[in-house]
Amino acid sequence: MSSARVTFQIAENPPARLDKALARDVPAEAALSRTRLARLMEQGAVLVNGAVATDPKGKIAEGAEVEITVPVADESHIGPEDIPLEVIFEDDDLIVINKPAGMVVHPAPGTPSGTLVNALLHHCGDTLSGVGGEKRPGIVHRIDKETSGLLVVAKSDRAHHGLAKQFEKHTVERYYRAVVYGVPDANDPRLRGVRGVNFESGNIMKITTQLARHKTDRQKQAVLFEGGRHAVTRSRIVETYGTPEVASMVECWLETGRTHQIRVHLTHAGHSLIGDPTYGGKRKLSEKALSQQGIQAARNFDRQALHAAVLGFEHPVTGDAMRFEAPIPGDMTALIKALSQPKD
């Protein structure tokens, strides 16, 4: 197997652990994360002053000479599949996709094929330079199977490293459109009594809780106020439907990115997404408020009405500001049109 060599010297005041010192001082163009460096140490691919270094917790001195042998990326064990993709942007380092509802992002035991990763392996082919030692697309964030919209995927180690840092620091711009039951308005006295919910200037609803896996249903997430992972969602009303208003389209944006975050948070606030089989249930909409077309469209909508509409980030290699928008897909557009129909 062919390989490349990366050589550098440890700078002054190195961290106490070897893996942290290597991650700090390895040249940026090598795009070697701390996790990848640990794997290379396990493989005996890291030399410090000519001796193999395998202990990530070991010490290293200022001025030490480091040589790392980086193998050329192996072919992925996941099979490529010729599945159509809507490509919004692509270059040597990354690709932005408008994912359709119904597509899983990554293979898993229940969905070993037909995923976005399978499709990307076919689409990208030899343009994948390798992520984590394997020729595969680097998934840095995901959206649920039945959520449509924008995803950025790394095609190279350097892009994967840079994008992952931006998601970790929560500097990525992400806006979603959702169609929900009710209207999350600051004037609703009920919302004042919901723990974790408050309103900011401009009628922006802010939901702040902890999230963790549900105790009895492992496929769901649950709101907590102790333990779990910190989660913050903001939303504002875009349109309302019905007379009186019984549903609305809201724009949501994330301060954190947790599994099912928007769906769980809006349900916690009493405004679950229309069509959400996991959190929304089949809530009834008043026949006095909506047309029959609107009531039937909401009743028959067969996925959560959620779309990742805007994605913005700094290009991890060029540093350019990137921002993309994807229009609301046809099924949600039809739902919105039906809900907007005047009652006969």
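In this predicted model, the side chain of Arg234 reaches the side chain of Glu200 through a polar contact of 2.9 Å. Glu255 provides another partner, its side chain making a polar contact of 2.8 Å with that of Arg234. Arg234 itself belongs to strand S15, which covers residues 229–241. Despite its polar contacts with Glu200 and Glu255, Arg234 has a relative accessibility of 16%. Because this value falls under the 20% cut-off, Arg234 counts as buried.

When neighbours within four places in sequence are set aside, the residues in contact with Arg234 include Ile204, Met205 and Lys206, along with Glu200. Glu251, Cys252, Trp253 and Glu255 are also in contact with Arg234.

Turning to strand S10, residues 148–154, the picture is again one of burial. Here 7 of the 7 residues are buried, so the strand is largely enclosed by the rest of the structure.

The pairing partners of S10 are worth a friendly tour. Strand S7 (residues 94–99) pairs with S10 in the antiparallel sense, over 6 bridges, and within this pairing Val96 stands opposite Val152. Strand S9, residues 138–139, also runs antiparallel to S10 and is joined to it by 2 bridges; Gly138 stands opposite Ala154 there. With strand S17 (residues 306–314), by contrast, S10 pairs in the parallel sense, over 2 bridges.

Notes:
Residues numbered from 1 in each chain as written. Predicted model: local features only at pLDDT ≥ 70, side-chain atom pairs only at ≥ 80, totals over all residues. Heavy atoms only, no water. Helix = DSSP H or I, 4+ residues; strand = E, 2+ residues; numbered from the N terminus. Buried < 20%, exposed > 50% of the residue type's maximum accessible area, 1.4 Å probe, protein only. Polar contact = N/O pair within 3.5 Å; in protein donor to acceptor, adjacent residues only side chain to side chain. Contact = heavy atoms within 4.5 Å. Pairing = 2+ DSSP bridges.
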